[in-house]
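Welcome! Could you walk me through this protein, starting with its overall make-up and ending with how its strands are arranged?

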Amino acid sequence: TILDPLGLGRAVVISQTNYVTIRGLTLTGGNANGQGGAPMAGQDAGGGLYLTHAVSVTLLNNIIISNTADHQAGQAGWGGGLFIEGCDGVTLVGNAIRDNAGNARAAGSGYGGGLYIGDSDHITLRDNVIAGNTAGAANGVGGGLYLTRCDDATLTGNVWADNTAALSGEGRGGGAYIANGARMTARGNRLERNIASAAGAGYGG
C-alpha cells in the first residue's frame, strides 16, 4: 500500500494514541510545509510521518522515501521522513528510510533528514536502512538521524549510508547526531559514506 499526498501535506499523522502498528506501507510525497509542529514555533516537521505523544508504536518493514519537512527557502524543517516527539515505547524494525530531506531548498536548514527523535523514552531502532537523506541545504544537523533528549534508546544492526547533514553551509553529524543527554546503546551498526557538509564546515561525517 502506497500513501502519497502528492506534496500537499504529511503522509501519516499519529498523535495522542496508544498501541499502534504500521506494517508494510510506503510513505512518499509527504510535505509538511506550513503544517508547523516543530520544536521551534513557526517551523515545520514530519513530512512522511508525524508522531507525537503516543505510547507503544511499532513501525515494521515500511518504506519511507522522498518526503520533506519544509520546502521554503530560508526556513528550517525537522524530520524529513519521520518526526517523533514526546513518545514512550517506539520501535522501528526493518524499515527503509531513504531520500528524505529536512529542507533541501536554497538557504534552507534542517534537523534530521531521515528522522528526528526528541523528548522520548524507550526507543528501539533495529535492522533499518537509513540512506541518502539530507538535513538541510544551507545548514543541517543529523543527515540520517537527529536524536536528542531521549532516555533509553537502543540502536542495533542499522545501516547509515550516503546521508548528508548540509549541502553548502555548516553541517553536524552526516550519518547521525546525538545530543543533549540522550542515553543510547549502540551495537552492530554500519555507517558508510556519510557527509557532514558537502561544501562548508563539517563536524562528524
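**A tour of the strands**

Let's begin with the secondary structure: the protein has zero helices and 29 strands. Here helices (H or I, at least four residues) and strands (E, at least two) are DSSP runs, numbered from the N terminus. Keep in mind that this is a predicted model, in which local features need pLDDT of at least 70, side-chain atom pairs count only at pLDDT 80 or more, and totals for chains, interfaces and linings use all residues. Residues are numbered from 1 along each chain as its sequence is written, and side-chain values use heavy atoms, with hydrogens and water left out.

Next, look at the whole protein. Its C-alpha atoms fill a box of roughly 40 × 35 × 30 Å along the principal axes. Of the 205 residues, 54% are buried, meaning under 20% relative accessible area with a 1.4 Å probe, protein chains only. Among contacts (heavy atoms within 4.5 Å) with a separation of 6 or more, 79% join residues 24 or more positions apart.

Now for one of the sheets. Six strands form an open sheet in the order E3-E7-E11-E16-E21-E26, with parallel pairing; two strands pair if DSSP finds at least two bridges between them. Strand E3 (18-23) and strand E26 (184-187) stand at the edges with a single partner strand each, so one side of each has no neighbour in the sheet.

Key
Buried < 20%, exposed > 50% of the residue type's maximum accessible area, 1.4 Å probe, protein only.
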